[in-house]
Amino acid sequence: MSTEATPQDLEQVEKLRRAYAAVKDEIRKVIVGQDHVVDELFMALFCRGHCLLVGVPGLAKTLVISTLARVLSLGFSRIQFTPDLMPSDITGTEIIQEDKASGRREFKFLPGPIFSNVILADEINRTPPKTQAALLEAMQEYQVTVAGRRHELQKPFFVLATQNPIEQEGTYPLPEAQLDRFMFMVKVDYPSAADEREIVRRTTEDRKADVKAVLGAEDIFALQDIVRRVPIADAVLEYALRLTRQTRITTDEAPAWAREWLQWGAGPRASQNLVLAAKAHALLHGRFYVAAEDVRAVAKPVLRHRLITSFAAEADGVTTDKVVDRLLAETPANASEALADGKLPKVLAKG
């Protein structure tokens, strides 16, 4: 496949960039602030990825996701994860049904809530690992297997899970294999004073926001395809790989401080997601090429949940975000190398 942008590519990207601006305008009718959360959710969607949202209660994580589904004109399903939730409560089950005319009995599959486009897995860490694992096949293969039969999921398929970082009683931490299926871990922070003032004003008045659907499934498919056509120079690709590979403490590429701070590093899926996310970031900023700044912009949401800090790091208050910060600070990216092939990048006009 050619990596050169055709006029049709640029026209499609510009059209979808404007559509994304319209999407954000619709979301702002309901959600105040949290722009980085919305940006990261959409980047993951355009890359066919999934997101894990982490934040304390009351920060509108669920509202953001349900509003997103309305703006995208997609099917939405909410699954409240609880300790007694069973895998069949998610995937569906087979029942015996009798044909009244013939009296013949046969199995019939009843789809579970996973059969939708946007799946909200609310408080995913409140259910046991067996039930958490019911999402693994769906997130990776876009299918579920029940009683030996495979059932294809409807696309686009987007899992958005929420997790409360402060309540530990009655929770089951997600295993590393489950975490690695999420393209991004999105941190949802407290609003600014100005944003909180507007939130209180809106939610204590008699008003109802009229949110309109802006993007449909076909628009999303088009952008998902165009993301993979965005070219990335070898130097920028190498930069992304260096960031990931330096976290692997069993290799010679890991610096001494990484060996001290980390128990385990990021795998190849992190490198793939880092490049894909950088492509989506470039598109959302009106460019049909990837720059090192795009890689840096998505490094934290891609890497933070794929790194395991050591006991020494935890004792010193070193978080995975601090690890990524140091990684970015100590891994230079030579901008001139990104254009070493002499080709000028194609920049979209700002409309």
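Helix H2 passes H12 in a right-handed crossing (the near helix is turned clockwise from the far one by less than a right angle; helices are DSSP runs of H or I of at least four residues, strands are E runs of at least two, and both are numbered from the N terminus). On H2 the contact (heavy atoms within 4.5 Å) is made by Asp39, Met43 and Phe46, and on H12 by Ala277, Ala280, His281 and Leu284. Those residues divide into five nonpolar, one polar and one charged. This is a predicted model, where local features need pLDDT of at least 70, side-chain atom pairs count only at pLDDT 80 or more, and totals for chains, interfaces and linings use all residues. Residues are numbered from 1 along each chain as its sequence is written, and side-chain values use heavy atoms, with hydrogens and water left out.

Now follow H12 itself, residues 268-284. H12 is mostly covered, with 14 of its 17 residues buried (under 20% relative accessible area with a 1.4 Å probe, protein chains only). After the helix comes Gly286, with a positive phi near 80°.

Over to strand E8, residues 158-163, where six of six residues are buried. Phe158, Leu160 and Thr162 point one way, while Val159, Ala161 and Gln163 point the other. E8 runs parallel to E1 (residues 51-54), joined by four bridges, and Leu53 has Thr162 as its bridge partner. Four bridges also join E8 to E5 (residues 118-122), again parallel; here Ala121 partners Ala161.

Definitions and conventions:
Buried means under 20% relative accessible area, exposed over 50%, partly exposed in between (1.4 Å probe, protein chains only). Two strands pair if DSSP finds at least two bridges between them. The expected span of a helix is 1.5 Å times one less than its number of residues. Ala, Val, Leu, Ile, Met, Phe, Trp, Tyr, Cys and Pro count as nonpolar, Asp, Glu, Lys and Arg as charged, and the others, Gly among them, as polar.
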